[in-house]
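Visitor: Hi! Could you walk me through this model, one piece at a time?

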Amino acid sequence: MSPEQRTTTDVVIAGGGPVGIFLGILLLQAGVSVRVLERRSQRSGHSRAIGIHPPALQVLASAGVVDQLVGEGTAIRRGEARSRGRLVATLPFEDVSPIYPFVLALQQCRTDDILERRLLELDPDALVRGVQVFSMDDDGDGVVVRAVPESGEGSPREFRARIGVASDGAKSVLRDRMDVGVRRTKYPDTYLMGDFADAPESNEDRNAVLYLEPDGIVESFPLPGGIRRWVMRTRSLDREPTATSLAKEIRRRTGVVLDPTSNTMLSAFEVRSQLVTTMIHGRTVLLGDAAHEISPIGGQGMNLGWLDAADLAPLITASLRAALSGPARGRALASFDSRRRRAAVVASRQAHLNMMLGRPLPARVLAARNRIMAAAIGAGPVGLIVARRFTMH
Ligand SMILES: Cc1cc2nc3c(=O)[nH]c(=O)nc-3n(C[C@H](O)[C@H](O)[C@H](O)COP(=O)(O)OP(=O)(O)OC[C@H]3O[C@@H](n4cnc5c(N)ncnc54)[C@H](O)[C@@H]3O)c2cc1C
């Protein structure tokens, strides 16, 4: 392999999703050299993950991107539960955080763009697009990362680093190559989601709304640009969804009328969760969805990955500067591993509760359940606990 095809750096991050890019920013800010290797030659334009919670906003502030995110996003300050045309409970987010008393909603393509620009501002060569990593091996001295061009044309590339990070998503091929156990759970829940122009009557209203209906939950979240994300529980995976069928069913369950021609995204999905038995594998760390996949119901996965990265970055920096070495480094990494996997378990339980809340129920049982829920949330301290849980505190 010629020297042009071989690159040496402190840290190689495989996967330039929101988690890999964010870790790259934190490391560059600390003076660590980084290459983020991303398979896609262009960023995805899909709206995908939209919810950014207060604890994540705090760590994003340390990457110098929070003002732009908050400037572009929609601050959701209140959640509402409705059922059969009536308000069941409201959940204000004002008291969950003194700095960011809201959940921020922003399309992931915009979040990714803001993060990527910040990374490239710190080092224009930090992101290498169009390369598919297929191995990340410890050679006793460091990590050797091998990649091929995604296009299939051109020569293989090799990167040498002192530390490797695999943040290549839920279907991580690097995780599968490592000798790491994965606990997987598949849930019976299926959903259909779509982005539509906001109904005119709710244009001023930037609340998140959960419609708790006998045939299953319908969730609705405001987005910038006069758009709303609608997520509806379905009886089975809808393999041929249309905007018209989703709008029709939302109207049947909730009474809200949507214009199918305004639909900009439509996706049907199943739910599973995964958690590795360890995030540390020698000089390689598994991060983000590669380490833990959480049900999207509750919108926590990306946030959890950012919190992993914020926890890991100072450990990597200290290790590279030999400020952390020997048994102390081993203990610090073991503690990181157990802390972050515990956080993933908590997020997974919360997501499970969210999914249970949205399952179909006979109308009478649903009404009784809603009365109990309204009474509990109405009792001040319980309401605050629930609001904190919904905002990942
Ligand atoms: C419908 C839906 C809605 C969601 N909503 C929310 C939400 O509101 N809030 C929230 O917090 N989370 C949400 N999530 C979860 C969130 O999308 C993920 O947790 C998040 O994207 C994980 O980020 P990541 O960087 O770890 O992985 P990914 O976003 O999957 O990024 C991995 C990257 O690695 C690249 N890659 C993969 N393999 C290779 C390889 N071999 N070589 C090089 N590159 C590679 C991929 O192209 C990709 O860019 C949602 C998920 C779904 C499906």
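Guide: Happy to. What covers the buried residues of α1 includes β1 (6–14), β2 (34–38), α4 (108–122), β11 (157–166) and α7 (301–320). Helices (H or I, at least four residues) and strands (E, at least two) are DSSP runs, numbered from the N terminus. This is a predicted model: local features need pLDDT of at least 70, side-chain atom pairs count only at pLDDT 80 or more, and totals for chains, interfaces and linings use all residues. Residues are numbered from 1 along each chain as its sequence is written.

Visitor: Why is α1 described as largely enclosed by the rest of the structure?

Guide: Because 11 of its 12 residues are buried, with 20 or more other C-beta atoms, placed from the backbone, within 10 Å of their own. Among them are Pro 18, Phe 22 and Leu 28.

Visitor: And what comes just after α1?

Guide: Gly 31, with a positive phi of about 90°.

Visitor: Switching topic: what is the strand order in the open sheet of three strands?

Guide: The order is β3-β7-β4, with antiparallel pairing. β3 (51–52) and β4 (74–76) are the edge strands, each pairing on one side only. Strands count as paired if DSSP finds at least two bridges between them.

Visitor: How many bridges join β3 and β7?

Guide: Two, and β7 covers residues 103–105. Gly 51 has Ala 105 of β7 as its bridge partner.

Visitor: Last one: how far apart are the centres of domain 1 and domain 2?

Guide: They are 33 Å apart, taken over C-alpha atoms; the domain bounds come from an automatic or database domain assignment.

Note on methods: Two residues are in contact if their C-beta atoms, placed from the backbone, lie within 7 Å.
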